[in-house]
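Open the model in your viewer and keep the selection panel at hand. We will go from the whole chain down to single residues.

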Amino acid sequence: MNFPYSPKKWLTISLAAIVATSIGVGAVTASANDATSQTQNQNGQSSQTTQSATQQTTADTAAEEMTLQKAVEQALKTNAKLQTARLEAKNADLNNMLTYKTIAEIPSEFIRSLDAAKQKYISQAQADMSRKLNGLALKATENQIKLGAQQVYYDLLHAQADLELKKQSLLRAQTQLKVAKAHFDVGTKAKTDILQAEMGVAGAQAALVAAENNLEIARMKFNDFLGVDLNKQWKLVNESKPVTSIPLTLEQAQEKALQQRVEITQKQEELKLAELNVKLIEEYSALSTYPGRQARNNVEKAKVAIEEQKRTVTMEVAQAYFNLKAAREAIEFKKKAKEAAAESYRLTNLRFENGLATTLEVIQAEEALADQENQYEKAVRDYNLAVVNYETATGN
């Protein structure tokens, strides 16, 4: 913020002070009373500010430091959905172990029919595949929890940054009000300038309250996802993703995802089971029978499911790739827009100090700056989330 008065304005204020001194004792006494009242108000506000700052310092001291990695680790330990999935996987494994033990006791020499073969080999294969699928499903759930933990982390980080921006905006509005009052006192501005500045302060205060509420909501959502005390306070470390070019081409990213995504592995395991069923029917019966024809159809269905899953993964990677590319370009654009708005606000303020701009123009320039600051911060948040979604889509 530039100093509110130019040398010409200081000369005007000095002359006004001389005139005020020559008015008389009554006027001086009234001014003194006003000054005393203002001092008392300022002392009260200072006391409240000091108390608020002390409370904030105490809260920051009590808050535990939280990094992005720690958020992911905490969610993997205490997220309710993941804990439930792990317990369900354990129960399924126990059931499979019981089935496997019972089937394994059937002697191979007793396998002389298709039904007996299915009972021993298909059921055994199903038990083996179920264990694999349970593990893969649990891995997929863990990947979703990792993604969710990073999303709520960046949402909370964005809410904190947004609150700081609203505080800066309020400070600029309050400074503008002081400048407007000073100009009004020396007769260089009208009462409407003060009213407009007061409206600017009121709007900034309302935005600050909304940002404080949003921060509390984001913090509770963060704690809820992690599975910890909803009222727990954190001191978040700003870990924004570096704004760099995407290291892989779209085709390379898609190929990587096709090799690493667990959803495709799940479909491949289901194909193996369908093929085993065909093999046993061919060995102990005939593929020309209705069960044989159905088994071959199931093999084809499993192959179609694999191709469908591959298309889904390919589309997800493409969407994440282009979203990341757009988010990276948006950051550069929003950064330039924010810098331009800051310069416009500075120049408008300078014009106002020299009597060439109105209070309303300064308020509008400040609002434009605040808007661009908010948009840039949102672009940073969107980029961080785009990186996380891209990494998840490629199977990282």
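Start with the whole protein chain. Of its 396 residues, 36% are buried; that means under 20% relative accessible area, with exposed over 50% and partly exposed in between (1.4 Å probe, protein chains only). This is a predicted model: local features need pLDDT of at least 70, side-chain atom pairs count only at pLDDT 80 or more, and totals for chains, interfaces and linings use all residues. Residues are numbered from 1 along each chain as its sequence is written, and side-chain values use heavy atoms, leaving out hydrogens and water.

Show the surface. The accessible surface of the protein chain is about 23200 Å², computed by the Shrake-Rupley method with a 1.4 Å probe. Carbon and sulfur atoms hold 54% of that surface.

Switch to cartoon. You will find 10 helices and 2 strands. Helices (H or I, at least four residues) and strands (E, at least two) are DSSP runs, numbered from the N terminus. Along the sequence, the pattern is α-α-β-α-α-α-α-β-α-α-α-α.

Now select residues 68-78, helix α3. Which residues are buried here? They are Leu68, Ala71, Val72 and Ala75. These residues lie on the same side of α3, because they cover an arc of only 100 degrees around the axis. The arc is taken from the directions from the helix axis to the C-beta atoms. An α-helix has 3.6 residues a turn, so residues three or four places apart point the same way.

Next, select threonine 348, in helix α9 (residues 290-353). Threonine 348 counts as buried because its relative accessibility is 9%. What does threonine 348 contact, leaving aside its neighbours within four places in sequence? Select Ala357, Glu361, Val362 and Ala365. Contact means heavy atoms within 4.5 Å.
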